[in-house]
Amino acid sequence: MCGIVAYTGKKREIVPTLLDALVRLEYRGYDSAGIAVSCPDGIEILKTSGKVKALQEKVSSDWKEKVKDAVAGIAHTRWATHGPPTEINAHPHTDEKKNFALVHNGIIDNYSAIKERLQAKGVKFSSETDTEALAHLIAECYMGDLCNAVAAALKQVTGTFGIAVISRDSPGVIVAARKGSPIVIGVGEDEAFVASDVSPLLPYTKRVIYLNDNDIAVVRPDRIDIRNMDNIPVSREVAHIGWDIKAAEKGGHEHFMIKEIFEQPEAIANALRGRMDTELGTSKLDGLNFSETDVAGISRIIIAACGTSLHAGMLGEYFFEDLANIPVEVDQAAEFRYRNPIIQKGTLALAISQSGETADTLAAVREAKLKGAIVASICNVVGSTIARETGRGVYLHAGPEIGVASTKAFTCEVAILLLMALKFGRAARLSRQSGFALISEIEKASGLVKNVIDGAQKIEKIARKYARARDFFFIGRGYLYPVALEGALKLKEISYIHAEGYHAAELKHGPIALLDENVPVVVMANDLPGKDKIIGNLQECRARKAPVIAIVTEGDKDAKKYSDDFIEIPRASDFVTPLPTVVALQLFAYYTARERGCSIDQPRNLAKSVTVE
Ligand code: F6R
């Protein structure tokens, strides 16, 4: 959840390089930030509460002069877990003598016990963080070799970590390690980087090494040695990052979120490219590595995911059941992990995750594997932990998603689920003709989404009208039920308006009590099966004086006339309609938040990639 970046080398000025990289990482956490550099006379540290901008402003010319001979540095942007986001709690943390400085993502579960033991020995702690305990522990374990000290300290901790450490005695050396929280090493010419994800590395190198859990790396400008915690060398291959730097920049847009919403026609096209088999009326998803016989052997699917990816998974349930006749369960990943699920022969556990690092989804994958399920994933981030641990799956190819509110990942996840269901369907009861028909529908998805984006101004106008509401409901049925949930999630997370997504039929089982003239209801009233029923639900809302914003199909004649405002979506098949519809809701949430002056790319209390439970 927090962001780590570190640099060793003499090719660049360390402080501006690390600060620039921190800005690119800020989407992962943004409540406090800090930097530590390794200079000939020792370690210098600067920290602040607030965003990276505050840290940039704190770097005085005197401080820059003081650290001009630095040979390595570590930096961090935090999303607070232990202790509030104050300057003292910001990373890097050090031991008492400032011989070691450490940045850390994850949670040290047994930090209280370590802290108590060290305090009893007289060690003074200055922060409320779990991380500081690790810094003191490294100092206690140090016998002249930084890597050995870090390994010895890590052996005493339980929990999760991705860390980068520098020391006074070894200027130019960074020791990095991971367990449950990603660490990637950027390989350059006479320089090297360490980061928690590839986004800060894009301007500098495309060659990276992903550490595995329990790897520990000694990173020097010209040499990277990786071993396991028992000091046995391990070899990890150098991978190439396919993302372009431009993909991780705003490119003239006011926010990443709107850039990413607008990118969806292209992102969906990229997700689908080369994956539809127009001869056999099926899809080609090589990364799944399933033969037709393997597919035929899958008798049940459990989808595990969180947040927006969970909503995509709920659509997957409809797709697999309708197209492939396979029973599906969709689980909030944490629930899957803790409720002792039943896995039978032929159960496929499918994890869906944009980041590929979400802690609960990863834990669900591990639990499913342990219980003998076939595991697969749909991820966006190439080389992410979930993608690697499942070993088979499909990448979204959506490009980096930087805005904290997930948008293009959702539509691409849905597109991939549709392709998977097509493949599974063709191996079961779906005819070749039906396969062709579905492919020609799927091919329209990108254009349908573009059509909605072209009408963004009208959505903006409606969003402005309702931007001061304090509560919202989103209701839908069938394929548009998960879309209603996603619309409510988008609105609440970036505009801070209380918004609830409900199945339209569920409204009258309680929530309808909350409706009055101040509570707008967004009704998914597209021309899909069940429309007559949703119009009934819409009328129920109106009867309670709730303003109604109807999402309707172009050419609609009935839902419109009962609504205060409406947004038109182009006509499409049941399977594809969720895509243009959700894009309208993303735009609605975006313009509402903008009207309210919210911090759209970095909403309060949130962070991209939830790597803690
Ligand atoms: C909402 C959002 C989150 C994520 C969730 C799962 O806009 O971004 O709800 O969808 O944290 O993240 P991934 O897909 O990375 O596993």
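The legends below describe close-up views of a predicted model.

Local features are drawn from residues with pLDDT of at least 70, side-chain atom pairs count only at pLDDT 80 or more, and totals for chains, interfaces and linings use all residues. Numbering starts from 1 along each chain as its sequence is written, and side-chain values use heavy atoms, with hydrogens and water left out.

**Figure 1. Salt bridge between Arg178 and Asp213.** A salt bridge is a side-chain nitrogen of Lys or Arg within 4 Å of a carboxyl oxygen of Asp or Glu. The search of the whole structure finds 38 of these. In this view the side chains of Arg178 and Asp213 meet at 2.8 Å, N to O. Arg178 belongs to strand E8 (residues 174–179) and Asp213 to the loop between strand E11 (207–210) and strand E12 (215–220), so the pair ties together parts that are 35 residues apart in sequence. Helices (H or I, at least four residues) and strands (E, at least two) are DSSP runs, numbered from the N terminus. Arg178 is buried at 1% relative accessibility, whereas Asp213 is partly exposed at 24%. Buried means under 20% relative accessible area, exposed over 50%, and partly exposed in between (1.4 Å probe, protein chains only).

**Figure 2. Salt bridges of Arg366 with Glu389 and of Glu367 with Lys371.** The N to O distance is 2.6 Å for Arg366 and Glu389. Arg366 lies in helix H12 (residues 359–370) and Glu389 in helix H13 (residues 385–390), so this pair ties together parts that are 23 residues apart in sequence. Arg366 is partly exposed at 33% relative accessibility, and Glu389 is partly exposed at 22%. For Glu367 and Lys371, the side chains meet at 2.7 Å, N to O. Lys371 is partly exposed, with a relative accessibility of 29%. Elsewhere, salt bridges that share partners join Glu254, Glu460, Arg464, Arg594 and Glu595 into one network.

**Figure 3. Aromatic pairs and a cluster.** Rings of Phe, Tyr and Trp (its six-membered ring) pair if their centres lie within 6.5 Å; planes under 30 degrees apart count as stacked, over 60 as edge-to-face and the rest as tilted. The whole structure contains 13 aromatic pairs. Phe290 and Phe424 are edge-to-face, with 6.2 Å centre to centre and 75 degrees between the planes. This pair links distant parts of the chain, 134 residues apart: Phe290 is in the loop between strand E16 (282–283) and helix H9 (292–296), and Phe424 is in helix H14 (residues 408–426). Phe290 is buried at 8% relative accessible area, and Phe424 is buried at 1%. Phe472 and Phe588 are also edge-to-face, at 5.7 Å centre to centre and 70 degrees between the planes. Here too the pair links distant parts of the chain, with Phe472 in strand E22 (residues 471–476) and Phe588 in helix H20 (residues 578–595), 116 residues apart. Phe472 is buried at 0% relative accessibility, as is Phe588 at 1%. A single aromatic cluster is formed by Tyr318, Phe319, Tyr479 and Phe575.

**Figure 4. Charged side chains over aromatic rings.** A charge sits over a ring if NZ of Lys or CZ of Arg is within 6 Å of the ring centre and within 35 degrees of the ring normal. The charged end of Lys458 is over the ring of Phe566, 4.0 Å from its centre. Arg604 lies over the face of Tyr496, with 3.9 Å to the ring centre.

Figure 5. An N or O atom in the side chain of Glu493 is 2.5 Å from an oxygen atom of the ligand. A backbone N or O atom of Thr308 lies 3.1 Å from a ligand oxygen atom, and a polar backbone atom of Val404 is 3.2 Å from a ligand oxygen atom. The ligand taken alone exposes 400 Å², of which the protein buries 88%. Accessible areas come from the Shrake-Rupley method with a 1.4 Å probe; for residues, only the protein chains shown count as cover.

**Figure 6. Backbone features at Pro92, Asn289 and Asn340.** His91 and Pro92 are joined by a cis peptide bond, with omega about 0 degrees. Pro92 is in the loop between strand E4 (72–78) and strand E5 (93–94). Asn289 is not a glycine but has a positive phi of about 55 degrees. Asn289 is in the loop between E16 and H9 and is exposed, with a relative accessible area of 56%. Asn340 likewise has a positive phi, near 55 degrees. Asn340 is in the loop between helix H11 (333–338) and strand E19 (347–353) and is exposed at 55% relative accessibility.

Methods: Polar contact = N/O pair within 3.5 Å; in protein donor to acceptor, adjacent residues only side chain to side chain.
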